[in-house]
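I set out to record, entry by entry, what I looked up in this structure. The notes follow in the order in which the entries were made.

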Amino acid sequence: MGSHICGVSKLFFLLLFLSVSTSHAALPQNPVSKSSSSSSSGQINSNSVLVALLDSHYTELAELVEKALLLQTLEEAVGKYNVTIFAPRNEALERGLDPEFKRFLLEPGNLRSLQTLLMFHIVPRRIGSDQWPGEPSGPVRQRTLWNEHVHLRSHGSGKRIVDSAEIVRPDDVVRPDGVIHGIERLLVPRSVQEDFNQRRSLRSISAVLPEGAPEVDPRTNRLKKPAAPVPAGSPPVLPIYDALAPGPSLAPAPAPGPGGPRHHFNGMRQVKDFIHTLLHYGGYNEMADILVNLTSLATEMGRLVSEGYVLTVLAPNDEAMAKLTTDQLSEPGAPEQIIYYHIIPEYQTEESMYNAVRRFGKIRYDTLQLPHKVVAQEADGSVKFGQGDGSAYLFDPDIYTDGRISVQGIDGVLFPSEEETNTQKKTAPVVKVVTKPRRGKLLEVGCRMLGAIGQDSHFSTCQ
């Protein structure tokens, strides 16, 4: 009985030992491997020096790091090196920095200069205050993340200096992967300073458009007051007819005058775009050929748009242009006058013109061919230009619209009506008025007395 109990107890202790040994075998053998693998994965933990920089009182430097798009680069650097960051105080970046230099750094085109400046403040090596070189050893060069060098030295009074900036808060932020020292001013590498100096010198020597000479008023013999400044993009003050070049029979187009708040728009590029659109659209090659090759109207239109004027071009298609006769094109300046009659000095689209003729019936639009106007009216659910046999319909609406130039395709070539031409040629007839001589009161009394006796017919003055 006793031997049986002893055997059962031995069997129980054996099973207990096996269960404990298997439970130990199920546990991980190296508990540190998980943390080491997570640390080597490249992720930045909350105890990183980079996180401490973004959350520290160096807010101005942290904002510059975000604007320079350097967060990912610094994460890789912190995961690879044990870094030292020289962080300028907020006062040094807010009030101690030249406003023009700060504006230069924040311009989108100078992103590389801003990145160079910030990476110049980071050394891929841990340098604590206890590792700072002493005065007897002299300056020590340290390579930065931008492959440039900063010089570390100590002053006789115990000051620690990096390049030209003094360390005012040594070991301000200490983390396992780096340390942050607070410095009194911003460190500017030579390459960034040269870029800024070059930009400033170019701006100082940039050419200035000469202003026109002062004009004298011939009535008062005094200088005319200068015109009020025109805001950029505002409509021109003068009407478009004053800005037009003289006709081809008078003189070539004049050169643009000096000075003035003009050329807010790139008119030549817009004219080039709409001519290319005509060619790609198809069916308007003749119109493009007249604008570019036969006349200088493309250049003239580009100059007008650059001055701020808007234009609507009624472009006849190739079938309509083919109907023009030799006599219509042989006269000097005839192509220019034909095209001038197809250009409206307003910005109109197919919708605006159709709504106008629907509401007001006949609309008379001014053209660049003074003093003729082109008549528009509704017909067959579209817009009809001109009258009689010389009319044309809006055939291809809104071929090109960019807010300055509008091109509307029509199926005919327009000419001023004969009635309008004859009206302009008509002159008022000269009427010759003969005034009768004025008679005095004494003569009138004498004529009445002679009339009473029937003798007034013998005197011409009484008739």
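**Entry 1: helix α4 and what follows**

Just after α4, I found leucine 69 with a positive phi of about 60 degrees. I then turned to α4 itself, which spans residues 59-67 and in which Glu60, Leu61, Ala62, Leu64 and Val65 are buried. For the cover over these buried residues, I listed α3 (49-55), α5 (71-80), β1 (83-88), α6 (90-94), α7 (99-106) and α8 (111-119) as included.

**Entry 2: confidence**

I looked up the pLDDT before going further. The protein chain averages 77, and 73% of the residues score at least 70. Over residues 1-42 the pLDDT stays under 50, and the model has one contact beyond four places in sequence for this stretch. Residues 248-262 also have a pLDDT below 50, but there I noted 20 contacts beyond near neighbours in sequence. Where pLDDT is low, the predicted coordinates should not be read in detail. I therefore leave the coordinates of such stretches without detailed reading.

**Entry 3: the sheet**

In what order do the strands of the open seven-stranded sheet lie? I read the order as β2-β1-β7-β6-β5-β4-β3, with mixed pairing. The edges are held by β2 (122-123) and β3 (140-143); each has a single partner strand, so one side of each lacks a neighbour in the sheet.

I followed the antiparallel pairs in turn. β3 and β4 are joined by four bridges, and glutamine 142 stands opposite valine 150 in β4. Strand β5 (residues 160-162) is joined to β6 (residues 165-175) by two bridges, again antiparallel; isoleucine 161 has glutamate 166 of β6 as its bridge partner. The hairpin of β5 and β6 has two residues between the strands, and in it aspartate 163 takes a positive phi near 55 degrees. β6 pairs with β7 (residues 178-183) over five bridges in the antiparallel sense, and arginine 169 has glycine 182 of β7 as its bridge partner.

**Entry 4: valine 150**

Is valine 150 buried or exposed? Valine 150 counts as buried, because its relative accessibility is 0%. The residue lies in strand β4 (residues 149-154). Leaving aside neighbours within four places in sequence, I found its contacts to be Phe120, Val123, Val140, Arg141, Gln142, Thr144, Val162 and Asp163. One of these, valine 123, is 27 residues from valine 150 in sequence and 8.7 Å from it in space, C-alpha to C-alpha.

**Entry 5: nonpolar cores**

The largest nonpolar core has 34 residues, and Phe274, Leu291, Met301 and Val407 have the most contacts inside it. Helix α13 (residues 297-306) gives the largest share, five residues. Another core lies apart from it, with 32 residues, among them Tyr58, Val65, Ile85 and Leu118. For phenylalanine 274, neighbours within four places in sequence left aside, I noted contacts with Leu291, Met301, Tyr400, Ile405 and Val407.

**Entry 6: helix α17**

Which residues of α17 (residues 350-360) are buried? I found Met353, Tyr354, Ala356 and Val357. These residues lie on the same side of α17, because they cover an arc of only 160 degrees around the axis. On the other side, Glu351, Arg358 and Arg359 are exposed. The cover over the buried residues includes β12 (363-366), β13 (373-379), β14 (382-385) and β16 (405-410). Just after α17, glycine 361 takes a positive phi of about 80 degrees.

Conventions: Residues numbered from 1 in each chain as written. Predicted model: local features only at pLDDT ≥ 70, side-chain atom pairs only at ≥ 80, totals over all residues. Heavy atoms only, no water. Core = buried A, V, L, I, M, F, W, Y, C linked by side-chain atoms within 4.5 Å. Buried < 20%, exposed > 50% of the residue type's maximum accessible area, 1.4 Å probe, protein only. Contact = heavy atoms within 4.5 Å. Pairing = 2+ DSSP bridges. Arc of directions from axis to C-beta. pLDDT = per-residue confidence, 0-100.
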